Amino acid sequence: MPRKLAAGNWKMNGLEQDVSVIKTLAERHAQAGIDVLICPPATMISACAGHGIAVGGQDCHAAVSGAHTGDISAEMLADAGATHVITGHSERRADHGETDADIAAKSQAAYRAGLKAVICIGETLGQREAGTTLEIIDGQLAGSVPDDATAENTVIAYEPVWAIGTGKVPTLEQIGEVHAHIRQSLVARFGDGAGFTLLYGGSVKGSNAAEIFAVAEVNGALVGGASLTADDFSPIVTALEQA
Ligand code: PEP
């Protein structure tokens, strides 16, 4: 059975004082029977680690070290206390031109450093309207997910680009169709494909989490805006516990 995961991506938000959010989440959910992860900005990882909630990076460089000004390696994230790292978020793909090959290399760097990679895939609005969603998903799975991915070292997050930060959510049928497709493709490619955790991401909130978690093959969520405060994120964690 895939592990359930409620993951928050704080993006470029959060100062030292916001460690209080992690502490509150730990008080409420450290004993939850599911995994709870927050990916704060890299500057906060060491302050956020060790409170009972898993902490992750939002990106990493593929190399261990070297002349890459401003970049952070997977080993550095692990050294700061991270256990996970997001790779291939659509904002990295769009803002930094990251390709599927870059994302596969970053995910392999995560494995090398002992981190779990949360690999993001998803179609744009134009691709959905053109009817090519499943084709895009297939290409991203083939190109971004390394051959040595396992259910232990990798989580797949399906995030339609048009649903991120927009308040627009696909229908439950659309989410179910893509998740079933991803599961099928992982089972066909990997011996333990049935065990990978599959997250949905894109405008998940306390008010829609339960219905999304009831969709087959949805094992949790990757949450942006609604992960920034404990009061917004807690109902999502609770909905997943109860799913
Ligand atoms: C995200 O950034 O991965 C995300 C899903 O954002 P939001 O929940 O704000 O749509």
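Me: How far is an oxygen atom of the ligand from an N or O atom in the side chain of His-89?
Reply: This is a predicted model. The pair to look at is an oxygen atom of the ligand and a side-chain N or O atom of His-89. The distance is 2.9 Å.

Me: How do H9 and H10 lie to each other, roughly parallel or roughly antiparallel?
Reply: Helix H9 spans residues 206–213 and helix H10 spans residues 230–242. Their axes are 8 Å apart, at an angle of about 20 degrees. Angles under 35 degrees count as roughly parallel. Therefore H9 and H10 are roughly parallel.

Me: Which residues of H10 make the contact with H9?
Reply: The crossing of the two helices is right-handed. H9 brings Gly-206, Ala-209, Ala-210 and Phe-213. The contact residues divide into 7 nonpolar, 1 polar and no charged. From H10 come Pro-235, Ile-236, Ala-239 and Leu-240.

Me: How is H5 set against H7, oblique or roughly parallel?
Reply: Helix H5 covers residues 100–112, and helix H7 covers residues 133–144. They pack with axes 7 Å apart, at an angle of about 45 degrees. That angle makes H5 oblique to H7.

Me: How many residues of the contact of H5 with H7 are charged?
Reply: H5 gives Asp-100, Ala-101, Ile-103, Ala-104 and Ser-107. H7 gives Gly-139, Gln-140, Gly-143 and Ser-144. Of these contact residues, 3 are nonpolar and 5 polar. The charged count is 1.

Note on methods:
Residues numbered from 1 in each chain as written. Predicted model: local features only at pLDDT ≥ 70, side-chain atom pairs only at ≥ 80, totals over all residues. Heavy atoms only, no water. Axes fitted to C-alpha atoms, helices over the stretch in contact; angles between N-to-C directions. Helix = DSSP H or I, 4+ residues; strand = E, 2+ residues; numbered from the N terminus. Parallel < 35°, antiparallel > 145°, perpendicular 65-115°, else oblique. Left-handed = near helix turned anticlockwise from the far one by under 90°. Contact = heavy atoms within 4.5 Å. Nonpolar A, V, L, I, M, F, W, Y, C, P; charged D, E, K, R; others polar. Polar contact = N/O pair within 3.5 Å; in protein donor to acceptor, adjacent residues only side chain to side chain.
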